[in-house]
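Here is a short report on a protein model. Look at the chains first, then follow the text from the whole to the parts.

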Amino acid sequence: MPLLEARDVHGGYGGMNILNGVNMSIEADEIGVIVGPNGAGKSTMLKAIFGLLTVSQGEILLRGEPIHNLPPNKLVQKGMGFIPQEKNVFPSLTVKENLEMGAFLKPHNVKRMLTQVYDFFPPLHDKRHQPAGELSGGQRQMVAMGRALMAEPEVLLLDEPTAGLSPLYMNEIFERVKQINAAGVGILMVEQNAKQALAIADKGFVLAAGQNRFTDTGAALLADPDVAKSFLGG
Amino acid sequence: MNSPAPSPAKPTTTRRFPVREVILFGALLVAILGVYAVMGAAYSTRMLVEASCYAILALGLTIQWGYAGQFNAGVMGFVAIGGFSAMLFSVPVNDAFWGTELPGELGRVLLYLIGSVLLVIGATRLHRFGVPKKLRTVIAVVLAVVLYLVVLSMLRGVTGEIQSRAGFIGGLGLPAWTGWIVGGALAGSIGYFIGHICLGLRSDYLAIATLGIAEIIKAFLKNSDWLTRGTATVSPLPWPTPGPSELGFTLARALYLSVTAALIAVIFFLLHRAYHAPWGRMIRAIRDNEVSAAAMGKDINRRRLEIFVLGCILMGIGGGALASFNSLFDPQGYLPLNHTFLVLVMVILGGPGNNLGTLFGAVAVYIIWLMSEPLALFLMNMAVYVGEGVFGWEPPGNLDSRALQARVFVIGLLITLVLRFAPQGLLPEKIKHHD
Amino acid sequence: MNELVFFINNVVIAGSVTGSIYAIGAIGVTLVFSIMRFAHFAHADMMTFGAFMVLLLTLAFPGVGAVVGLPTPVVMLPLAMVLTALLAVGIDKAFYKPLRAHGVKPIVLVIGSLGVTLMLQGLIRLFAGTSAQSLYIGERKEIYRLDLPFELATRPVIVTEPQIILFILTITAVVSLHLFLNRSRLGKAMRAMSDNPDLARASGINTNTIVAVTWVIAGGLAAVAGTLLSLDVTFKPDLSFFLLLPIFAAAIVGGVGHPYGAIAGGFVVGFAETLAVFNWTVLLRPVQHHFPEWLELPRNLAFVGTEYKIVVPFFILVAILVWRPTGIFKGKVI
């Protein structure tokens, strides 16, 4: 049974459909990457999975259990984590408080998880009493990932985690994503930096106009000349 | 909403028959005739005149709230300013004031006031002459405080004199309509002041500020005995039309009604034109999607200011017409309930942004409002009767004022219910999808 | 020296009293603003409701205070806070939540809260009438006279019992709020939601719970503020809009969504009001003989008459909106 599965998902905002039948599935030890041109519905798909917009048709399953149209807080309880692209920290809360909010539903875990997250992202430990709004972009992304990890998710959704970051930080973030996955968390992320993302992907989903265009392993998609020509800029 | 697109050949002839409008206005007509039959012509005509004055206020609010999404929580203040202006212009000249040296004294204080304002403005420009900015600010503030206190004490002296020797400054003895126009202008300038400060900010701030200015205007009119006789009230105010003593109540009121009706017709026509003109489309574009309107290069705050000021002008005119008709200027008679929230109910119930709906809402709500007064008292008496009989309850004395409070509750309930269940009102604004 | 005592009595003490009341009211307004993003116009009538509950409870059990050794209204305050908090949560469930569920603009919620304020006003005045009533029923307001250790000061500094209770309660309220917001899990979640509601939801924070907690705090604090006001003077059911303006001004001066700012704003507005209606002639009179002949000191040298008190918060509001709409502490929501 796949960890996360989407079957023929339709949905959008205010009667306008952006997703016109998207299929996806990832296993617990896999990294799934969604790529595609602007307006293809990549972020929308992620939001649909996380219950932030109404799914009008099709179904989304977490370990075989239907979860579409559940509110986000229920999904967090069920083991899903979400890191939005922008505004992914609480700016006036300190780094530590940001992380604590991630474990809001599992307050007894806070101490143990804090140690783990600080071990994983040492810079966060040094800045733990600083408001998150004062951090740099890369450090914020670390806070955001740390916050999501605090809830010990089974699957983590990331919306363009490297957007606006310098190449140095970008590599660091991809490295971290791989480590998180190695620790047993399924990953589904949307990425603009398609080549680097597909390079670490077990599965790649190329979306266009709200539908699957290509679905294969990351390596196969990178090697496919059609994909390269249309979606990876040659 | 999803009506099929009109055929391109003759797009204007596919208008539907306005069933809803006809039914609602038919019912309203029946209600009015019913009131005529039961309460008599004189009373009913008075009711219609007052309803028509309220309709002007409601039109003012509907363009602010319905057209532009700006919420004015201080209609009362603008109405009171209109009423004050109508009083000031139409009441006969007071010789006990003008015959003395007091007007000169008052003029002198006003000159001092202008001089002081100029001085302070000058002080704020001092940095152009090499004065450090911090020092300039200190000088300007200190100067403003000192001059304010000086002018204020002079004003207190003169106004005290006026009050004790002449009562109040009296009116100008001009026709009532001059007062209405100036009232509209005054209300408009206050609206400009408030709007200028608040319109770039959250819409909540405008509501707070208008609520505040309304209470301030009322406090000013109530406490400036030298100008308005304060709680002593001014009456009678002359009408722009022949009064009841010449024509009898019904005819005189009917004549007055024709004036206010003509006023509404003019306003209605102009608003209709404006709504469908590019200006109106722009206003609605801003209301519905501020960001994209801004992206198209519309000067949002300027347009919003225009509409806000326009609404305030209408409120001032309506307030003037209302005060003249009542033939009484009583600053304490201006109540948030009667002059802000009643108008609000008229607008949101009738259909914000729909002029016809607003007109319907104004007349219908006013009739219900008037009729509910005896009803509320009756219900209170019933409650007391039952309370005494069944529970042996000692009823409180001031039943009248408590019946009024029951109406406060009902108006509040009505506002919340309409917002929840009929947010578009009875006659919703028609939004054309195929223009 | 007596002039100084007069100044202390009429400005320092009176200003702190008004300031505390505005501050506690403004905290509620600012919390609601930061969580639900709208100006809650029914707050002043919630204050009145809280005070009215205290009045009813005091009427029902007038002897309780003597047992504890505190004025009865103060003993009844916790119960009134609970009742007001329940009212606030109930109002939200009945009137604001359906509007939020429709996704209306904040200004529609503002109008809704005006509807609610009228309903509260109507109900309270229906039962309480419109005249002022003292919360001290069968009890005496203790008055403390403190003599200053200066030879020239023959008059005492006067503090009343309710004023001392007021200062103690204000400090208690502020400290417990501080601890709640910074130490407790719910308090932090509240700050998180005010920072970024979407992310709060994505973190698994149940926003309905936070909204309810906010109303409980706002309602409870409203009851405190209303009761303190009524203890200091009398219970007046018809203050509504006259309280609303200074409280909003305080919240905006402090920076909307900023509880500590609201406290500072409350004191700014409170002191500004008392300073503005203070008759400065009293202070200037002792030094009058130093003035030149032509400068005659008027009898009344107050900036505004007491009847125009409401102009002061309005002036502050306008000034802050013109110069610094985010408030002295940068507010979050503008």
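Chain C has 334 residues, and a compact globule of that length would have a radius of gyration near 20 Å. Chain C has 21 Å, which agrees. The model is a predicted one. Along the principal axes, the C-alpha atoms of chain C fill a box of roughly 70 × 50 × 40 Å. Its secondary structure comes to 13 helices and 2 strands. The table gathers some values for this chain.

| Feature of chain C | Value |
|---|---|
| Radius of gyration | 21 Å |
| Buried share of the 334 residues | 50% |
| Share of contacts with a separation of 6 or more that join residues 24 or more positions apart | 76% |

**How the chains meet**

Chains A and B share no contact, and their closest C-alpha atoms lie 13 Å apart. Chain A does touch chain C: 22 residues of chain A are in contact with 15 residues of chain C. On the chain A side, helix H2 (72-77) and H3 each supply at least two residues. That side has 13 nonpolar, 5 polar and 4 charged residues.

**A helix in chain A**

Now take helix H6 of chain A, residues 137-149. At 1.5 Å a residue, its 13 residues should span 18 Å. The end C-alpha atoms are 18 Å apart, so the helix agrees with the rule. Is H6(A) mostly covered or mostly open? It is mostly covered, with 11 of its 13 residues buried. Among them are Gln139(A), Met142(A), Val143(A) and Leu149(A). Two arginines, Arg140(A) and Arg147(A), are buried as well. What covers the buried residues of H6(A)? The cover includes two strands of chain A, S6 (80-83) and S7 (155-159). It also includes helices H3 (95-102), H4 (110-120), H5 (122-126) and H7 (167-182) of chain A.

**One residue in chain B**

Phe89(B) is found in helix H3 of chain B, residues 75-90. Why does Phe89(B) count as buried? It is buried because 24 other C-beta atoms lie within 10 Å, and the cut-off is 20 or more. Leaving out residues up to four places away in sequence, Phe89(B) touches Gly171(B), Leu172(B), Leu174(B), Thr178(B), Gly179(B) and Val182(B). Leu237(B) is 148 residues from Phe89(B) in sequence. In space, the C-alpha atoms of Phe89(B) and Leu237(B) are 9.5 Å apart.

Methods
Residues are numbered from 1 along each chain as its sequence is written. Chains are lettered from A and ligands numbered from 1 in the order in which they are written. This is a predicted model: local features need pLDDT of at least 70, side-chain atom pairs count only at pLDDT 80 or more; totals for chains, interfaces and linings use all residues. Helices (H or I, at least four residues) and strands (E, at least two) are DSSP runs, numbered from the N terminus. The radius of gyration is taken over C-alpha atoms; the globule rule is 2.2 Å times the number of residues to the power 0.38. A residue is buried if 20 or more other C-beta atoms lie within 10 Å of its own, exposed if 12 or fewer, and partly exposed in between; C-beta atoms are placed from the backbone. Two residues are in contact if their C-beta atoms, placed from the backbone, lie within 7 Å. The expected span of a helix is 1.5 Å times one less than its number of residues. Ala, Val, Leu, Ile, Met, Phe, Trp, Tyr, Cys and Pro count as nonpolar, Asp, Glu, Lys and Arg as charged, and the others, Gly among them, as polar.
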